[in-house]
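Hi,

Here is the structure I promised to pass on, with some notes on what turned up in it. Have a look at it first, then read on.

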Amino acid sequence: MSDTIRPDAQTTSTSVLLVTAHDWFASALQAVLEPEGFAFARVRSARLAVRDSRLVNPEIVIIGENLPDMQVPELAKALRSAGLRESVPILVYSPNFWAEADEAAAMAAGAWDIIKEPVRSQLIVAKLRRLLEIKRLIELTEEGSLADSATGLYN
């Protein structure tokens with residue numbers, strides 16, 4: 001897989017930015033989610049995720065552990081700082097050896113949920129669909145709000 005992102009304007013799939021250096025994790029997620037209508041843009045480092053997040057314009061971000069250049073909590077914060085909307089769910093893959101404090105740090109940094117081993121296909125599909133519904137509700141609320149999301153001023 002390439003680390004160069006090419007947006008596809010004709011797709012009607014749900015775009016997922018997958019940030020992981022682990023091929024087996026990426027393959028497992030893609031095998032489960034692509035038949036369900038999820039399209040992946042995969043990068044192998046945090047630096048590339050931050051760089052490409054605006055180009056991909058993901059509806060969901062999934063971050064794997066042990067990235068070569070940044071810890072998960074820092075990446076979640078960096079993505080938000082780079083312009084990833086708060087309404088975009090960030091999920092974090094938590095291997096069995098992660099301590100509770102690691103998971104808590106990821107959640108405190110902006111992750112919406114944790115994906116734990118083993119990855120159960122029906123559960124992950126249902127979870128992502130529900131998070132997409134919540135995302136859409138947040139965005140509808142923002143659109144109907146009198147406050148400008150960029151400035152916080154009322155119009």
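**The nonpolar cores**

The largest nonpolar core holds 24 residues. Within this core, the residues with the most contacts are Leu17, Val61, Ile63, Leu75 and Val92. At least two residues of the core come from each of β1, β2 (38-43), α2, β3, α3 and β4. As a general background point, nonpolar side chains in soluble globular proteins tend to be buried together.

Leaving aside residues up to four places away in sequence, Ile63 touches Val19, Val72, Leu75, Ala76, Leu79, Ile90, Leu91, Val92 and Tyr93. Another core lies apart from the largest one. This other core has 18 residues, including Ala26, Leu29, Leu33 and Leu132.

Leu132 also turns up around Thr14, a residue of strand β1. Is Thr14 buried or exposed? With a relative accessibility of 12%, Thr14 counts as buried. Besides Leu132, Thr14 touches Gly37, Phe38, Ala39 and Glu59, again not counting residues up to four places away in sequence.

**The aromatic residues**

Searching the whole structure gives 3 aromatic pairs. In one of them, the ring centres of Trp24 and Phe25 are 6.1 Å apart and the planes stand at 70 degrees, so this pair is edge-to-face. Trp24 is partly exposed, at a relative accessible area of 49%, whereas Phe25 counts as buried at 2% relative accessibility.

Phe25 also pairs with Tyr93: their ring centres are 4.3 Å apart and their planes are at 35 degrees, so that pair is tilted. Distant parts of the chain are linked by this pair, as Phe25 sits in helix α1 (residues 23-33) and Tyr93 in strand β4, 68 residues apart. Tyr93 is buried, with a relative accessible area of 1%. Together, Trp24, Phe25 and Tyr93 make up one aromatic cluster.

The average pLDDT of the chain is 88, and 87% of the residues score at least 70. Among the elements of the chain, β3 has the highest mean pLDDT (98), while strand β5 (residues 113-116) has the lowest (90).

Where does pLDDT stay under 50? That is the case over residues 4-11, for which the model has 7 contacts beyond four places in sequence. Where pLDDT is low, predicted coordinates should not be read in detail.

Happy to go through any of this with you at the screen.

Best wishes

Terms used:
Residues are numbered from 1 along each chain as its sequence is written. This is a predicted model: local features need pLDDT of at least 70, side-chain atom pairs count only at pLDDT 80 or more; totals for chains, interfaces and linings use all residues. Side-chain values use heavy atoms; hydrogens and water are left out. A nonpolar core is a set of buried Ala, Val, Leu, Ile, Met, Phe, Trp, Tyr and Cys residues joined through side-chain atoms within 4.5 Å. Buried means under 20% relative accessible area, exposed over 50%, partly exposed in between (1.4 Å probe, protein chains only). Helices (H or I, at least four residues) and strands (E, at least two) are DSSP runs, numbered from the N terminus. Contact means heavy atoms within 4.5 Å. pLDDT is the predictor's confidence in each residue, from 0 to 100. Rings of Phe, Tyr and Trp (its six-membered ring) pair if their centres lie within 6.5 Å; planes under 30 degrees apart count as stacked, over 60 as edge-to-face and the rest as tilted.
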